[in-house]
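I opened my notebook beside the viewer and jotted down what I looked up, one entry at a time. Come along and follow on your own screen.

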Amino acid sequence: MNETSEARLRMAAHWLQIGRPERVLDELQGLSGDAAVDYRAYLFRGAALHALDRDAEAVDVLRDGLAQHGPFPAMLHVLGSALRSEGRLPEAEAAFLQGLSLDPNDPDLLLGYAHVCLAAGQAEKASALVERAASHAPESVAVSAARAQVAFALGKDRDMHRHSTEALSYDPEDPNARALHGTASMLTGDSRAGYNSLRSAAASQPGDADLRAAAREAKLFNHPLMVPLRPFARVNPLIVWVGAVAVIYGLRAAGLAPLSFAFALFWLAFCVYSWVIPPLVRRWVNREWGS
C-alpha cells in the first residue's frame with residue numbers, strides 16, 4: 001500500500017473519531033487497489049454509514065468485510081450495532097456473541113450486547129452484561145451511560161440520575177450522556193437541569209428529531225405558565241379526578257357546603273386552565289423552535 005492510501009486511511013480514522021462520518025466516506029472514496037479492500041476501509045466505511053443512520057448499507061459493507069477478512073471484533077461490534085438499529089435483534093445478538101467468542105472481555109462488545117438485551121426487554125440480563133463491562137472499564141462514560149439506560153428500563157429514576165451524572169463527570173461534552181442526564185433530571189423533578197441538558201444534547205446533534213422533540217417538551221414544561229400544572233405531571237389523571245371529587249363530597253358530608261362549593265369552583269377553574277394553557281404554550285414554544 002502506498003503512502004497516499006495509508007494517509008487517507010489515517011485521515012478517515014481521524015474524522016471518525018471526531019464525529020465527522022461524511023468526511024470519512026469522502027476519504028475512502030479516493031482509495032483504490034489493495035487499500036480499497038483493506039480491513040480498515042470496510043470498518044471505517046461501515047462505522048461511518050452507521051453513524052449516518054444508513055444502517056442497511058452499513059450491514060452490507062461490514063458483511064463484505066467479514067467475508068473478505070474473517071471474524072474481527074471491531075467489525076462485529078459495528079455490525080451488531082447496525083443490526084440493532086435496524087431492529088434485527090436475533091442477527092445483532094449473533095454478531096455480538098461471535099465477537100465475544102473472540103474476546104470475551106471486550107467492554108464495547110459487552111455493552112453492545114447489553115443494548116440488544118435492552119431492546120428485547122431483557123433489562124436484568126443487560127444489567128449483568130454492563131457490570132461485566134464495568135469490571136474491565138470502570139471509569140468509562142459508555143459504561144455509566146449504559147447503567148443509566150438499564151436503570152431507566154427498570155424504572156429506577158434516581159439510579160438513572162446518579163449514573164448519568166457520573167457519565168457527565170467523565171465526559172461533560174458527550175451528547176448521549178447529556179441526553180440521559182436531561183431525561184433523568186426531568187423524571188426526578190429537576191426540570192430546569194433537565195431542559196439544559198436536553199437542549200445541549202439536541203444542539204450537538206441537530207439531525208436527531210427525537211432529541212429535539214424531547215428538548216422542546218422540556219422547554220414547554222419549564223414555561224412559567226405551566227408551574228401550576230407541574231405537581232400533577234406524573235400523577236394518573238384518573239386519580240387526581242377521584243381525589244378532587246372525594247374532597248368535594250367529603251366537605252359537603254361534613255357540613256361544610258360553602259367550602260365544598262368554593263373548592264368545586266376552584267377545581268373547575270383549574271380544569272379550564274389545564275385544558276387551555278398547555279396548547280397555547282406549546283404553540284409559542286413551537287414557534288420559537290421553528291416548527
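Predicted model: local features only at pLDDT ≥ 70, side-chain atom pairs only at ≥ 80, totals over all residues.

**Entry 1**

I began with residues 73-106, whose end C-alpha atoms lie 9 Å apart. The span is 79% helix and 0% strand.

**Entry 2: helix α1**

Next I went to helix α1, which runs over residues 3-17 and has 15 residues. I compared its reach with the expected one: from the first C-alpha to the last, α1 spans 21 Å, close to the 21 Å expected at 1.5 Å a residue.

Which residues of α1 are buried? I noted Ser5, Leu9, Ala12 and Trp15. Looking down the axis of α1, I found that its buried residues fall within an arc of 125°, so they line one face of the helix. On the other side of α1, I listed Glu3, Arg10 and Gln17 as exposed.

I then asked what the buried residues of α1 pack against. The partners are α2 (21-29) and α3.

The charged end of Arg23 sits over the ring of Trp15, 4.3 Å from the ring's centre. Just after α1, I also marked Gly19, which takes a positive phi of about 80°.

**Entry 3: another positive phi**

Most residues other than glycine have a negative phi. With that in mind I stopped at Asp53, which is not a glycine and yet has a positive phi of about 65°. Where does Asp53 sit? I found Asp53 in the loop between α3 (39-51) and α4 (55-69). Is Asp53 buried or exposed? Asp53 has a relative accessible area of 64%, so I wrote it down as exposed, the cut-off being over 50%.

**Entry 4: aromatic pairs**

How many aromatic pairs does the structure hold? I counted four. I looked at Tyr39 and Phe72: their ring centres are 5.0 Å apart and their planes stand at 70°, so the pair is edge-to-face. This pair links distant parts of the chain, with Tyr39 in helix α3 and Phe72 in the loop between α4 and α5 (73-85), 33 residues apart. Tyr39 is partly exposed at a relative accessible area of 34%, and Phe72 also counts as partly exposed, at 28%.

I moved on to Phe266 and Phe270. Their ring centres are 6.4 Å apart and their planes at 25°, so I logged the pair as stacked. Phe266 and Phe270 both lie in helix α15 (residues 257-289), four residues apart, which is about one turn of the helix. Phe270 is buried, with a relative accessible area of 14%. Widening the view, I saw that Phe263, Phe266, Trp267 and Phe270 form one aromatic cluster.

**Entry 5: a histidine**

My last stop was His163, in helix α10 (residues 157-170). Why does His163 count as buried? Its relative accessibility is 13%, and buried means under 20%. Which residues does His163 contact, leaving aside its neighbours within four places in sequence? I wrote down Ser144, Arg147 and Ala148.

Terms used. Residues numbered from 1 in each chain as written. Heavy atoms only, no water. Helix = DSSP H or I, 4+ residues; strand = E, 2+ residues; numbered from the N terminus. Buried < 20%, exposed > 50% of the residue type's maximum accessible area, 1.4 Å probe, protein only. Phe/Tyr/Trp six-rings, centres within 6.5 Å; stacked < 30°, edge-to-face > 60°. Lys NZ or Arg CZ within 6 Å of the ring centre and 35° of its normal. Expected span 1.5 Å × (residues − 1). Arc of directions from axis to C-beta. Contact = heavy atoms within 4.5 Å.
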